[in-house]
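This report describes a protein model through its cross-links, its strands and its surface. Please keep the sequence and the coordinates in view while reading.

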Amino acid sequence: PACQIPVVTGAHVNCTEGGIASHSTICNWIVDDGFDCINLGIVTCNAGGISFPVCVPKPCDVPAITGVTPSVGTSQVPSDSKIDWTVDYGYTCKDTFSSVCSKGILLSVPTCRDTTMTETLTFPLCPCVEGSCVDGSCCPWECKCNSDPKAGFWKG
């Protein structure tokens, strides 16, 4: 007996998908981009039966992005799900609305920049006095008085 070759979302075959293969026909299932499958490879039509793969869209890794916190507490999300982002204190970010997972690719991920000075100064330029530089002309940044008198934030 012949075999019915199914149409499988996420894989294609070198036999006629959705068609009929005669007994002893050899077919090769190959995964499509963006999918994970089991039962791929060479199969043979035998007495009216043939193996076929089972496929699912690839999940997306949730990236660690400095400056935002994801709405999910997992390292991966399934395809077609979304991640909302919360901007962390001290950062300015673009594309923070939502990221959508599409077959292993996370679309529209945020980019952030630190709005405070992140470099550690190794020499005293401007000691802090009540939140401002002693001499405003000594450096292009304003002091941010805290436990580190050399910490500051950029004016620009």
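Predicted model: local features only at pLDDT ≥ 70, side-chain atom pairs only at ≥ 80, totals over all residues.

## Terms and basis

A residue is called buried when its relative accessible area is under 20%, exposed when that area is over 50%, and partly exposed in between, with a 1.4 Å probe and protein chains only.

Residues are numbered from 1 along each chain as its sequence is written, and side-chain values use heavy atoms, with hydrogens and water left out.

## Disulfides

Cys 3 and Cys 45 form a disulfide with their sulfur atoms 2.0 Å apart. This pair links distant parts of the chain, 42 residues apart, since Cys 3 belongs to strand E1 (residues 3–4) and Cys 45 to the loop between strand E6 (41–44) and strand E7 (54–57). The torsion about the S-S bond of Cys 3 and Cys 45 is about 90 degrees, so this disulfide is right-handed, and both Cys 3 and Cys 45 are buried. A further disulfide joins Cys 37 to Cys 55, with an S to S distance of 2.0 Å. Cys 37 lies in strand E5 (residues 35–38) and Cys 55 in strand E7, so the pair ties together parts that are 18 residues apart in sequence. The link of Cys 37 and Cys 55 is right-handed, with 110 degrees about the S-S bond, and Cys 37 and Cys 55 are both buried.

The disulfide of Cys 15 and Cys 27 has an S to S distance of 1.7 Å. It connects the loop between strand E2 (11–13) and strand E3 (20–21), where Cys 15 is found, to strand E4 (residues 26–31), which holds Cys 27, and the two cysteines are 12 residues apart. Because the torsion about the S-S bond of Cys 15 and Cys 27 is about -105 degrees, this disulfide is left-handed. Cys 15 counts as buried at 14% relative accessibility, and Cys 27 counts as buried at 1%.

## Strand E4 and its partners

Strands of a sheet pair through backbone hydrogen bonds, either parallel or antiparallel; in this report two strands pair if DSSP finds at least two bridges between them. Strand E4 pairs with E2 in the antiparallel sense over 3 bridges, and the bridge partner of His 12 in E4 is Ile 30. E4 also pairs with E6 in the antiparallel sense, over 4 bridges, and there Cys 27 stands opposite Val 43 in E6.

Trp 29 likewise has its place in strand E4 and counts as buried at 3% relative accessibility. The C-alpha atoms of Trp 29 and Ser 51 are separated by 9.4 Å, although these residues are 22 residues apart along the chain.

## The four-stranded sheet

An open sheet is formed by 4 strands in the order E9-E11-E13-E14, with antiparallel pairing. Strand E9 (68–70) and E14 stand at the edges, each with a single partner strand, so one side of each is left without a neighbour in the sheet. Neighbouring strands of this sheet are turned by 30 degrees against each other on average, direction ignored, with axes fitted as lines to C-alpha atoms, for helices over the stretch in contact, and angles running from 0 to 180 degrees between N-to-C directions.

Within this sheet, strand E11 (residues 82–87) is joined to strand E13 (residues 98–102) by 3 bridges, and the two run antiparallel. Lys 82 has Val 100 as its bridge partner in E13.

## Charged pair and nonpolar patch

With a salt bridge defined as a side-chain nitrogen of Lys or Arg within 4 Å of a carboxyl oxygen of Asp or Glu, the count comes to 1 salt bridge. Lys 82 forms a salt bridge with Asp 84, the closest N and O atoms being 3.7 Å apart. Lys 82 is partly exposed, with a relative accessible area of 49%, and Asp 84 counts as partly exposed at 30% relative accessibility.

Val 100, Ile 105 and Leu 107 make a nonpolar surface patch of about 250 Å². Patches consist of residues with over 30% relative accessible area and no salt bridge, like charges being joined within 9 Å and nonpolar side chains (Val, Leu, Ile, Met, Phe, Trp, Tyr) within 5 Å. Leu 107 lies in strand E14 (residues 105–107) and counts as partly exposed at 42% relative accessibility.

Note on methods:
Areas by Shrake-Rupley, 256 points an atom, 1.4 Å probe, with all protein chains shown as cover. Disulfide = S-S within 2.5 Å.
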